[in-house]
Amino acid sequence: MAKQQKSVVVTGVSTGIGWGATKVLTKAGYRVFGSVRKEADAKKLSAEFGANFVPLIFDVLDEKAVRAAAATVRQALGGEKLFGLVNNAGIAVAGPLVYMAIEDFRQQIDVNLTGVVISTQAFAPLLGIEPDLKGKSGRIVNISSVGGKNATPFLGAYNTSKFGLEGMSEALRRELMPFEIDVIIIAPGAVATAIWGKATEADVSRYANTPYATQLAKLQTIAAEQGRKGLKPEALGRVIMKALTVAKPKVRYTVTPEPVLNFVLNTVPKRTADRMIAGRLGLNPVKK
């Protein structure tokens, strides 16, 4: 009897970490159902990854479309459980919180948090909540960030979403214990993805007349440098595959090109970390 091919749903696969995860998983023989928002991306990725890739076209905030995609996956599984769900789709909105438009803040939270809930609710039954499906329960991997534990000025909206994702993941992991569905967090540092590559292109002109114009420009420069030195998406893909497959996964994997800095910022007193970060961006008070 032929061995059943294991299937994983990955959201946001057109670029970056989602693309890297898809590349690693399909090469290892897994069938990846990957979400994109554009038909052109679906065709391009299908040609790139071949028969092991099945595109799903939806925006993570479109509940109806996500549930339709889950129905498509259900049919393809033929009564088997889904091996994994990787909640990767996300955006990064930059700007000082005291000046940020509420609609921009809301968009950040909606995509990075509400979108995860929508996709999790749609696909969790296939991971093992439904008792009649065959096979071992699957796992959920949520893509957080080193910014889910330590915040950066002008990325406060993004940090808020990732801090929230960390708490959501912990609660979800405990809620899903009766079904043996594990929930694992991947926390990347700088990755050579579109989010970092577009750092110098982000339109922060709306903040030009605020007290933060100079510091925002400095953050853009730093972000661009970090992006150039960032990890390749495939490196994150390998960690995602590990989280999905090892017998006893950790609850959180931190993957960063700056492990020492990340360790220091998470272990020194918060007031010390404040001064370190403020000094780097020019945010310390000017002595009169």
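Is Arg173 buried or exposed, and what is its relative accessible area? Arg173 is buried, at 13%, where buried means under 20% relative accessible area, exposed over 50% and partly exposed in between (1.4 Å probe, protein chains only). This is a predicted model, in which local features need pLDDT of at least 70, side-chain atom pairs count only at pLDDT 80 or more, and totals for chains, interfaces and linings use all residues. Residues are numbered from 1 along each chain as its sequence is written, and side-chain values use heavy atoms, with hydrogens and water left out.

**Salt bridges overall**
- Nine salt bridges are counted, each being a side-chain nitrogen of Lys or Arg within 4 Å of a carboxyl oxygen of Asp or Glu.

**Within helix H5**
- Arg173 pairs with Glu170 in a salt bridge, with the closest N and O atoms 4.0 Å apart.
- The two residues sit three apart in helix H5, about one helical turn; helices are DSSP runs (H or I, at least four residues) and strands likewise (E, at least two), numbered from the N terminus.
- Glu170 is partly exposed at 36%.
- Shared partners link Glu170, Arg173 and Arg174 into one salt-bridge network.

**Between helix H5 and strand S7**
- Glu166 and Arg252 form a salt bridge, their closest N and O atoms lying 3.0 Å apart.
- Glu166 belongs to helix H5 (residues 156-175) and Arg252 to strand S7 (residues 252-255), so this pair ties together parts 86 residues apart in sequence.
- Glu166 is buried at 8%, while Arg252 is partly exposed at 21%.

**Within helix H3**
- Glu63 and Arg67 meet in a salt bridge of 3.5 Å, N to O.
- Both lie in helix H3 (residues 63-77), four residues apart.
- Glu63 is partly exposed at 41%, and Arg67 is partly exposed at 39%.
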